[in-house]
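Hi,

Here is the structure I promised to pass on.

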Amino acid sequence: MWNPFKKNSANDDDADAKSPKMGMMQAMAMKKMAKMSPQERQKMMQEAMKPENRDKIMGVMSAMKASGQVTDEQIAQAKKMLGM
């Protein structure tokens, strides 16, 4: 009998099998970002790149590096993308 709650690994091998699955909140944030106008997006990025937030971002990046979640190259690429 078909069980709607059963995990099916056949569906997991779709087009984006290499990328990790997003959580519900992440998916909602991505949809909201996609619907934003360029002016709203620019305003949000200016708010996020305030000096106190940059310090938090750098702290998180160093913690991720220490735990082995990211490499030096990935941190350099993220800094380049964020203009740091």
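Predicted model: local features only at pLDDT ≥ 70, side-chain atom pairs only at ≥ 80, totals over all residues.

To get going: in which helix is Met44 found? Met44 sits in helix α2, which covers residues 38–48. Helices here are DSSP runs of H or I with at least four residues, strands are runs of E with at least two, and both are numbered from the N terminus.

Residues are numbered from 1 along each chain as its sequence is written, and side-chain values use heavy atoms, with hydrogens and water left out.

The overall picture
The protein has 4 helices and 0 strands, so to read the elements from the N terminus is to read α-α-α-α. Of the 84 residues, 6% are buried (buried is under 20% relative accessible area, exposed is over 50%, and partly exposed is in between, with a 1.4 Å probe and protein chains only). The accessible surface comes to about 7,800 Å², and carbon and sulfur atoms hold 59% of that. Those areas come from the Shrake-Rupley method with a 1.4 Å probe, and for residues only the protein chains shown count as cover.

Methionines to look at
Back to Met44: this residue counts as partly exposed, at 32% relative accessibility. Met33, in helix α1, is also listed as partly exposed, at 27%.

Helix α1 spans residues 24–35 and includes Met24. Met24 is exposed, with a relative accessible area of 63%. Together with Met25 and Met28, Met24 forms a nonpolar patch on the surface, with about 370 Å² of accessible area between the three. For a patch, residues need over 30% relative accessible area and no salt bridge; like charges are joined within 9 Å, and nonpolar side chains (Val, Leu, Ile, Met, Phe, Trp, Tyr) within 5 Å.

The largest pocket
The space in the pocket is about 400 Å³. A pocket is an open set of points on a 1 Å grid over the protein atoms alone, where a 1.4 Å probe fits, with protein on both sides within 12 Å along at least five of seven lines; lining residues have an atom within 4 Å of a point.

Salt bridges
The count is 2 salt bridges, each being a side-chain nitrogen of Lys or Arg within 4 Å of a carboxyl oxygen of Asp or Glu. One joins Lys50 and Glu47 at 3.3 Å, N to O. Lys50 is partly exposed at 34%, and Glu47 is partly exposed at 45%. Asp72 forms a salt bridge with Lys65, with the closest N and O atoms 2.8 Å apart. Asp72 is partly exposed at 46%, as is Lys65 at 43%.

Cheers

Conventions:
Points joined across faces, edges and corners; volume = space filled by probe spheres on them.
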